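Here are my notes on this one, in numbered points, for you to read beside the model.

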Amino acid sequence: MSILGNRVLRSEDDRFLRGRGTYVENLELEGAASVTFVRSLMAHARINGIDTSAAEAIPGVRVLTADDVPLPAFGPPPFGLPPAMGRPLVAKDVVRLVGEIVAVVVSDDRASGTDAAELVMVDYDPLPVVVDPEESLRDELLLFPEAGTNVAGRTAPAAHAEDLFDGCEVTVSGTIVSQRMAPCPLEPRSTAAAFEDGRLTLWLSTQTPHQDRDTIAGMLGLEPAQVRVIAPDVGGGFGAKVIFASGLTEEILVGWLARELGRPIRWTETRSESMLSLPHGRAMRLAYTIGGAKDGTILAYKLDVLADCGAYPTLGAILTGFTQLMSSGVYAIPRVEAEGTTVVTNTTQIGAFRGAGRPEAIQAIEAAIDRFADEVGMDPAEVRKLNYVGEFPHKTATGAQYDSGDYAGALELALRSAAYEDLRAEQKRRRDEGGTKQLGIGLSSYVEITNPLGEGELGEVEITPDGGAIVRTGSFSHGQGHETSFAMIVADRLGLPFEKVTVHKGDTDEVASGTGTYGSKSTQIGGTASGEAATTVVEQAKQLVADYLEANPQDVVLDLGLGRFHVAGTPDPSLSWEELASRAEGDGRLAELKASHEFKGAPTFPFGTHVAVVEVDTETGQVELQRMVCVDDAGTIVNPLLAEGQVHGGVGIGVSQALYEQFTFGEDGTPLTGNLTTYAFPSAAELPSWETIEMETPTPANPLGAKGIGESGTIGATPAVYNAVVDALSPFGVKHVDMPANGENVWRAIEEAKA
Amino acid sequence: MIPAAFEYQRAESVDQALELLGREDAKAIAGGHSLIPLLRLRFARPSLLVDIGRLEELRYVREDGDRIAIGALCRHADLALDPVLAAGCGLMARVAGNVGDPQVRHRGTIGGSVAHGDPASDLGTILLTLDADFVARGPDGERTIPGSEFFTGPFETALGPNELLTELRIPKLEGGKYVKHVRRAQDWATVAVAAARVDGGIHVGLAGMGGTPVRAHAVEQALADGASAADAAAHAADGTEPPSDVAGSSEYRAHLARVLTRQALEQI
Amino acid sequence: MKISLTVNGTKHEADVEPRTLLTYFLREQLGLKGTNVGCDTSSCGACTVLIDGVSVKSCTVLAVQADGSEVTTIEGLAADGQLHPVQQAFHENHALQCGFCTPGFVMASVSLLKENPSPSEEEIRLGLEGNLCRCTGYHNILRAVQAAARAGA
């Protein structure tokens, strides 16, 4: 019986439960100097001069400024972003956001580094600040005069259809602001570096060890082979720790210093630093128009996106492409036109925060469809059913190739689990009673694109002398549990007990290549690659067994249940993996029990429906989320326990965008939510338990049949909660509430509707 | 970040504490849950920390006639469970049990919390509402500061730099209500309203509606003039200057004050 | 300044700067790295330990204040290597993903269950209001605490 599909407890848990996690901050590094960054308090200013004398009077302290760091600017990732908008590692003449590095303090210990950093005096000449993307778009105040514009990128449809809404009896327009969020992984970034014998070793809190190695090597004028990145345990990433593509300069500087000073270097950001230096997420303004017939059929959809990418464009500046691609969501809309413009502002850069462009698309279309349902006087569930894509594969008007799905099935399951009719009845009862606490019920049907770049991944399987297996993967779990799930896949292929398979990851010297973990791609490409490598090892093992049993390789079989090889039809003699490995080692042939596989997968499209039930205090505006019913279909699930965990956490973040979090900058670019007291990241007290329902519609895109689930919960949850709040307030005539739909924003929506 | 350096002395007695506090830029530390956050962000840089946290003589709850005397070093968690307080003024015990989060309540003290002068302080607001006496000791001896004079501005109190709050004296009270609006359970109140029947009248106090906790005098006057709870509550924001910040705008706070005041009054 | 305190049953004498936070003392001077620093505003609870049996955010305590106290960190929980019922419940209920917040949650839960051995769901959620997690959405943490309560933790 296969172990796949079972709720296997995690093998990685023990060290975390005992406080033995190997986070970079826990590393022992003899003789390491400490780095403290001096950061700009101005959002936009010219630097006239920097006085480091008081700081350097502290024993053991050295301060470096831009002139001391002869490294090029960190160009934006090669996504077609303007070269003039590259990010200096240390600001030289101008700072463009609060938190930009203006000087680097090296000290013997953290305390004196902190003392020294605040003694560095920077003379600023303030420049006008732009934090509003719409203002930035006017190009009146340029962040990069040489670029000639604040526009970092445009993704436009080939042509604008004049007749997009022809024949539509009903059209509705609206705007969703998908507000800026801070990723807030619980582990702030920590970096250590040591340069020895011509090689640089970097310990990084990252999601992408190999790609970081290559990028940092390039920045330092080194060959990738001269750099070793070790990513040990990492305390969460959520897309923000894709270091090589998120405009992060600290790691490059720490690596450079290790070589320059000939001494190990380490740095750990404080949370307040992290709130400004780790890339933010979302920050898109989505203007939609949806049109169709009075019978509820949707004919056309237009989406205009204005995205803020922060001061230095990076991975977050290309997300409108995904937003456009997924803009029509789960609906078979024949005419779709979507375009996006991305502008810079004097704020923290935007990165690929959980969902990265796809939540925004679904936030818009799911709001639009509810508005449309309202206009045509139909139940939101009915309008959805009427318009779902029904046959797969399906190519959308935007060019996305949906692989498999059952959108109506997901809706049905969600509504049944939620007891939708009963909820509507209770809502009606409360409305008739006219009390202050009213119910809102919100739906969201979503589809999203995982492994969106169609990437490949490496998997290597090696049998050890004692007949166990080591899996080496280029994927990099930072909470997702690959040490368990990939071990399950390989154990299943090899017929080995799960406990005998260990997964190695994160060391670029040990794992030949990798694309890390983001975009919900790891199981489908990394898991597949590991599984295929295991299959190859089995085939190779059969050759060896054939030699030992003097048989024909074609006649050798592996009894998966017993983990023993024998000739077909003849259970005896047989060889276990342990026996085979031992014998092979003795013959110097153990290397034949090792194989690697590179698997490149097509993007896949998980989907689902979420139902949110909120209770709104119509006097204070306070919203309480009472229930969250989630159907999330990500194809074949290797370990339902882990998959659920991903949904739980994803939904937590999605709900939080709808109700709690927003990263705000004042007009002068000063962060107003720069720590965890001001930034409303919810605790368990703010959230309910989640009702998750299983559904699996496999994909043909990979042998596992697996899609990604890491971002699904987030994508589905936000629109469901948003729609629930609007639904609760519809008796007041409210059609929209600004997110986060906290007490104040709800109260304002009610007041405006009354006026 | 790492705090700026300071010297540290543990006081063995209140008198010794007062002596040590006579030094320039000396600051008292009890539970540390108001001060240490400031130290960590380097918003406070005392030259000397005087640790009064072990002065057990300031940790008690006792009946004193028609009052209850609370030692300034009582921890919030202890107040939440104290039987004398529960019997004599359950409102206070309930509010103490809701300050911050459990970890904070295990260390933070009522004296430290109140002397910090946060305009959104739950305990400060209750004490103000109950017309508590704030007993302080300084180099010139002991004095009693009436509640109405204690909070003088944002994070400012009537305590002198080398004065220690030693005791809070509150009336015995039945009932009373504290309604708190927060973004998250662990947060400071965006706005909170305390309502209690004290000395034959109804007292109403507001947290988060100005630079200090304030009494809703207009509401109290309206009630004294016979207004209904709803009518009186409409005056909750009168004479206040609520702040605008990420937790809420001034307008929203004013609205909350009115709604929560009505709710509190309806429940006492 | 000289301090003396008992950590996980072992007495330690040390010399510390007054400004040393208890978290850093535990991590850097005693080498107990299980207690994590997740924020700088006493919001996240990743640094939670027990001081004299009750949960405290060690980042909001100076090491000098802990002189003479008994401190229990995550490393001190498993007796003779055997996981404490709360640790075991976290494992069995998949209540951790990246693990960074986990020591803080485990210590906070131990303290919570000591004070309230049979908490309701609401009491658990409120009882953990001082701890933040980004990975799990809290659902399984709640289940773990409920399971630990049933196991008589």
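## Notes on the three chains

1. Strand 6 (residues 133–138) of chain B and strand 7 of chain B run antiparallel and are paired over six bridges, where pairing asks for at least two bridges found by DSSP between two strands. The link from strand 6 to strand 7 of chain B is a hairpin of two residues. Strands here are DSSP runs of E with at least two residues, helices are runs of H or I with at least four, and both are numbered from the N terminus.

2. Before going further, a word on the source. This is a predicted model, in which local features need pLDDT of at least 70 and side-chain atom pairs count only at pLDDT 80 or more, while totals for chains, interfaces and linings use all residues. Residues are numbered from 1 along each chain as its sequence is written, and chains are lettered from A and ligands numbered from 1 in the order in which they are written.

3. Is strand 7 of chain B buried or in the open? Of its six residues (141–146), the number buried is zero, so strand 7 of chain B lies largely in the open. The cut-offs are these: a residue is buried if 20 or more other C-beta atoms lie within 10 Å of its own, exposed if 12 or fewer do, and partly exposed in between, with C-beta atoms placed from the backbone.

4. Chain B also has an open sheet of three strands, with parallel pairing and the order 1-3-2. Strand 1 (7–10) and strand 2 (26–29) of chain B each have a single partner strand and stand at the edges, so one side of each is left without a neighbour in the sheet. On average, neighbouring strands of this sheet are turned by 25° against each other, direction ignored; the axes are lines fitted to C-alpha atoms (for helices, over the stretch in contact), and angles run from 0 to 180 degrees between N-to-C directions. Strand 2 and strand 3 (residues 48–51) of chain B run parallel and are joined by four bridges, and B:Ala28 stands opposite B:Val50 of strand 3 of chain B.

5. On the domain scale, chain B is split into domain 1 (7–51), domain 2 (56–171) and domain 3 (177–266), with bounds from an automatic or database domain assignment. The centres of domain 1 and domain 3 of chain B, taken over C-alpha atoms, are 33 Å apart.

6. Chain C has domain 1 (2–74) and domain 2 (85–150), whose centres over C-alpha atoms are separated by 21 Å. Their contact takes 15 residues from domain 1 of chain C and 12 residues from domain 2 of chain C, two residues being in contact if their C-beta atoms, placed from the backbone, lie within 7 Å. On the domain 1 side, strand 3 (48–51) and strand 4 (54–57) of chain C give two or more residues.

7. Which residues of helix 1 of chain C are buried? They are C:Leu22, C:Thr23, C:Tyr24, C:Phe25, C:Leu26 and C:Arg27, which is six of the eight residues in this helix (residues 22–29). Strand 1 (2–7) of chain C is included in what covers them. After helix 1 of chain C comes C:Gly31, with a positive phi near 70°.

8. Now for the interfaces with chain A. Between chains C and A, 44 residues of chain C are in contact with 41 residues of chain A. The chain C side has 20 nonpolar, 17 polar and seven charged residues; Ala, Val, Leu, Ile, Met, Phe, Trp, Tyr, Cys and Pro count as nonpolar, Asp, Glu, Lys and Arg as charged, and the others, Gly among them, as polar. The contact between chains A and B takes 22 residues from chain A and 16 residues from chain B.

9. Lastly, a loop residue: A:Asp108 sits between strand 5 (101–107) and helix 3 of chain A. A:Asp108 counts as partly exposed because it has 15 C-beta neighbours inside 10 Å. A:Ala33 is 75 residues away from A:Asp108 in sequence, yet 4.9 Å away in space, C-alpha to C-alpha.
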